[in-house]
Amino acid sequence: MTDTGMTRGAAAAPETPKNRDWFELSVAAALPVAIAALAVFFYLNAPVFMTANNWISISVQVSALMTISIPFAMLLMAGKIDLSVGSTLALCGVVAGLSFEPLGIPGAVLLTLAVGTGVGLINGLLVASLGMSPIIVTLGTLTLIRGLAQWLAPNPIFGFPEEFLVIGYERVLGLPILTWIMMAVIALGAAVMALLPIGPQIVALGVNQRAAFLVGLRVKAIGIALYAGTGFFVAVAALMSISRINSAPAGTLGVGVELSVLTAVLLGGIPFAGGKGSVIRVVLGVWLLGMLANGLILMNVPTELSLMTTGLVLVVAAALDVLRSRRS
């Protein structure tokens with residue numbers, strides 16, 4: 001089609017509020033429909049997929065990813081990003097693993113939470129206070145922190161206290177403790193965005209940071225707090241992960257987590273540039289990734305093909321983000 005033809009086509013079908021409503025409705029329905037379609041597909045190919053025990057297993061598998069994705073989504077709503085979450089996860093896991101013996105469980109947990117929050121605080125100061133690029137800064141800390149974790153623990157750490165491993169294996173009221181922690185983080189994130197004044201302020205930062213500053217919002221303080229909060233919950237996810245696998249391998253723990261989190265958040269409808277979003281839709285995005293990984297395992301799909309499928313989902317999520325940006 002020529003440029004002239006394209007112009008005529010656009011003139012013949014001008015965008016109207018009705019067309020925009022249909023587009024927004026279609027985008028909003030795409031994620032639930034995709035989850036339902038995946039559920040039917042995996043059920044037909046592996047009937048055990050739809051059992052209650054398997055769905056509880058999925059909740060455990062996505063618990064750490066969900067715990068990181070909620071604060072990460074709030075960060076992206078504010079127009080910021082943190083690509084160092086995977087390396088921070090590894091560092092926090094290593095710190096916890098090395099601290100159990102000298103500090104005991106309470107001391108090790110507090111130190112781990114402090115380390116995660118500290119990493120987020122440094123990212124926040126560099127990005128929100130000094131105005132440095134969030135992508136460049138967090139790419140740098142991604143490499144730096146991974147190297148630090150491997151320097152602290154060249155070999156995987158094993159043999160954690162039995163009392164700590166309870167978090168990864170035990171159940172309360174029929175559900176794993178990891179699932180309860182995940183649901184608490186979801187509830188906290190939804191409450192912050194829906195009930196507290198900072199929720200709309202986070203979105204306002206993503207819409208127009210300059211305008212947010214001019215109306216009196218504490219732009220730097222909110223940005224630093226969001227990064228520090230993300231680091232804190234990455235530390236929580238690290239404790240959840242190492243209690244589940246009873247190991248803290250610095251070289252592999254958290255590898256690729258940043259891409260999985262970004263995929264889930266984009267699938268949840270949060271634009272890469274920020275300015276809007278929903279915690280509940282992010283939950284659906286994470287759950288879709290968990291279903292996909294679980295279903296492919298049940299179908300005995302090779303690991304390489306599973307990785308390719310996850311990469312394809314990331315490309316689709318990025319394409320949807322571009323499409324939404326152009327329409328808006």
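Start by selecting residues 257–267, which make up helix H12. This helix is mostly covered, with nine of its 11 residues buried (buried means under 20% relative accessible area with a 1.4 Å probe, counting protein chains only). Then step just past H12 to Gly269, where phi is positive, at about 95°.

A quick word on what you're looking at: this is a predicted model, where local features need pLDDT of at least 70 and side-chain atom pairs count only at pLDDT 80 or more, while totals for chains, interfaces and linings use all residues. Residues are numbered from 1 along each chain as its sequence is written, and side-chain values use heavy atoms, leaving out hydrogens and water.

Now select the whole chain and colour it by secondary structure. You'll find 14 helices and four strands (DSSP runs numbered from the N terminus, helices being H or I with at least four residues and strands E with at least two). The radius of gyration, taken over C-alpha atoms, is 21 Å, close to the 20 Å that the globule rule gives for 328 residues, so the chain is as compact as a globular protein of that length. That rule is 2.2 Å times the number of residues to the power 0.38.

Last stop, burial across the chain: 46% of the 328 residues count as buried.

Terms used. Buried < 20%, exposed > 50% of the residue type's maximum accessible area, 1.4 Å probe, protein only.
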